[in-house]
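Please look at the structure below.

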Amino acid sequence: MGFARAALRALVIFGAVTLAAVPAGAASPTAQGPASVSALAKQLSPAVVNIGTSRHVPGGQGVPLPQGPDGSQLDDMLDHLNPNDGQGPDAELEAESLGSGFIIKPEGLIVTNNHVIDGAEEIQVFLTDGTRLPARVVGTDSKTDLAVLKVDAGRDLPFVEFGDSDTAEVGDWVMAIGNPFGLGGSVTLGIVSARNRDINSGPYDNFIQTDAAINQGNSGGPLFDMDGKVVGINTALLARGGSSIGIGFAVATNLARPVIEQLVEFGETRRGWLGVGIQGVTDDIAASLGRHNTNGAMVVDITKGGPSDGVLKVGDLILQFDGKPIEQMRDLPRIVAQTEVGKSVEVKILRNGKDKTVKISLGRLEVGEQKIAEAQQQQEPPQPPDAPDAPVGPPPGLPELVGFEAGPLSAEVRKQYGIPEEVKGVIVTDVTAKSDAEDKGIIPGLVISEVNQQPIETVADVVSMVSAAKEAGRPAVLFKVTDATMASRFIAVRLQ
């Protein structure tokens with residue numbers, strides 16, 4: 001016994017376990033784990049609900065038969081003669097799904113995910129005391145995957161409050177409560193694993209990543225901080241077979257709260273709209289602009305009649321919006337969408353190498369999207385180009401400098417490549433194999449309208465500006481290119 005006790009003490013010391021030394025013959029102290037969250041879970045759980053939805057789907061692949069009046073002899077006869085053996089319209093199945101949600105107002109306002117209730121014909125909310133209540137949809141937003149429901153319980157309901165998701169730091173404890181696999185009232189604990197995650201689920205991705213177990217059925221449930229405030233809305237998970245592998249995602253409440261407030265007030269979203277198309281800044285684009293970082297969002301298109309029409313220009317680099325820095329391209333749509341419609345905001349841009357601040361009054365995104373869709377429907381689809389003939393004569397020097405050849409945009413070339421009359425510039429006729437231009441997506445048929453943010457009209461203009469960039473020691477040249485569909489973008493090509 002003495003040897004075993006000595007060996008155990010040696011292993012504890014070797015393993016660097018920070019326990020007080022145990023005298024020989026003394027009783028071992030009881031090991032203590034992390035502090036319990038039982039009191040917090042008990043306090044918050046009554047405000048977390050289970051959500052069940054149902055909708056009718058065809059139950060078979062037979063041919064539908066006509067239906068007679070309910071209860072009539074004709075209805076009975078048609079059922080009896082149904083050759084689908086119960087697989088026609090009378091055999092519709094009820095598809096069911098389960099999710100989670102949480103009450104934010106005592107009068108019965110509930111937040112959940114849009115995908116939990118999308119397409120539902122009937123929505124039922126189950127409270128922790130067993131009460132079952134029908135719910136109606138107040139409003140939904142597919143872009144952030146949020147929905148607000150309303151139940152009438154005839155009494156005040158327990159509710160929870162939103163916290164400040166910006167205070168949720170990596171490593172902070174968080175708790176999820178929800179309805180995984182139909183097991184209502186399940187509590188899981190973990191930490192904030194990462195912030196500001198973009199999982200390509202929508203234009204406003206800004207997720208909190210957590211290792212608190214989130215499984216099927218947890219969608220729409222709350223993610224709490226240790227003060228009992230909601231800092232996230234559990235939405236997605238990386239999973240195998242629908243089970244958590246320790247990586248879950250929650251919509252940050254600072255992104256969700258204004259959306260929820262709009263859904264409650266208007267039944268729909270009313271987002272700010274700038275009216276521009278943008279792209280990210282690559283290392284090569286930054287080098288072509290003489291910048292030392294890739295911050296900002298580059299304007300590649302301006303909606304005619306939109307808020308930015310006549311204020312911003314294609315090629316402007318947006319650095320700040322309403323006093324908020326734009327570190328990545330995806331920051332801009334999210335910040336603009338959260339800004340009040342009609343507000344006059346200051347936008348800091350880089351134009352022709354100089355900082356400039358302009359003022360823009362925001363429009364409403366939903367209206368802008370409708371205008372854009374209507375304009376696109378009115379446009380005739382572009383005709384596919386004919387097979388290209390031999391390239392127009394290359395200007396001397398361009399292949400050696402940037403790896404492609406260009407030629408004038410004549411009427412014959414327009415017809416050859418299907419280029420609309422509105423597009424101006426010179427056309428790429430050939431690209432050097434394995435060049436940086438080829439790697440960056442330069443192909444024959446693209447029209448170059450700007451070089452280093454300066455408009456060009458002739459091939460000589462292109463040669464002159466590319467040569468000037470070479471002489472100035474610039475590592476890359478920025479080209480604005482447009483294709484036959486009139487879609488434009490910027491491509492930075494490294495000088496050879």
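Phe 479 has a relative accessibility of 0% and therefore counts as buried, where buried means under 20% relative accessible area, exposed over 50% and partly exposed in between, with a 1.4 Å probe and protein chains only. The model is predicted, so local features need pLDDT of at least 70 and side-chain atom pairs count only at pLDDT 80 or more, while totals for chains, interfaces and linings use all residues. Residues are numbered from 1 along each chain as its sequence is written, and side-chain values use heavy atoms, with hydrogens and water left out.

The whole structure holds 3 aromatic pairs. Rings of Phe, Tyr and Trp (its six-membered ring) pair if their centres lie within 6.5 Å; planes under 30 degrees apart count as stacked, over 60 as edge-to-face and the rest as tilted. One of the pairs joins Phe 102 and Phe 162, with centres 6.1 Å apart and planes at 85°, so it is edge-to-face. Phe 102 is in strand 2 (residues 93–105), and Phe 162, 60 residues apart from it, is in the loop between strand 7 (146–150) and strand 8 (173–178). Strands (E, at least two residues) are DSSP runs, numbered from the N terminus. Phe 102 is buried at 0%, and Phe 162 counts as buried at 19%.

Phe 479 pairs edge-to-face with Phe 404, at 5.3 Å centre to centre and 75° between the planes. Phe 404 lies in strand 22 (residues 404–408) and Phe 479 in strand 26 (residues 476–482), so the pair ties together parts 75 residues apart in sequence.

Ser 308, in the loop between strand 16 (297–302) and strand 17 (317–321), is buried, with a relative accessible area of 0%.

Notes: Helix = DSSP H or I, 4+ residues; strand = E, 2+ residues; numbered from the N terminus.
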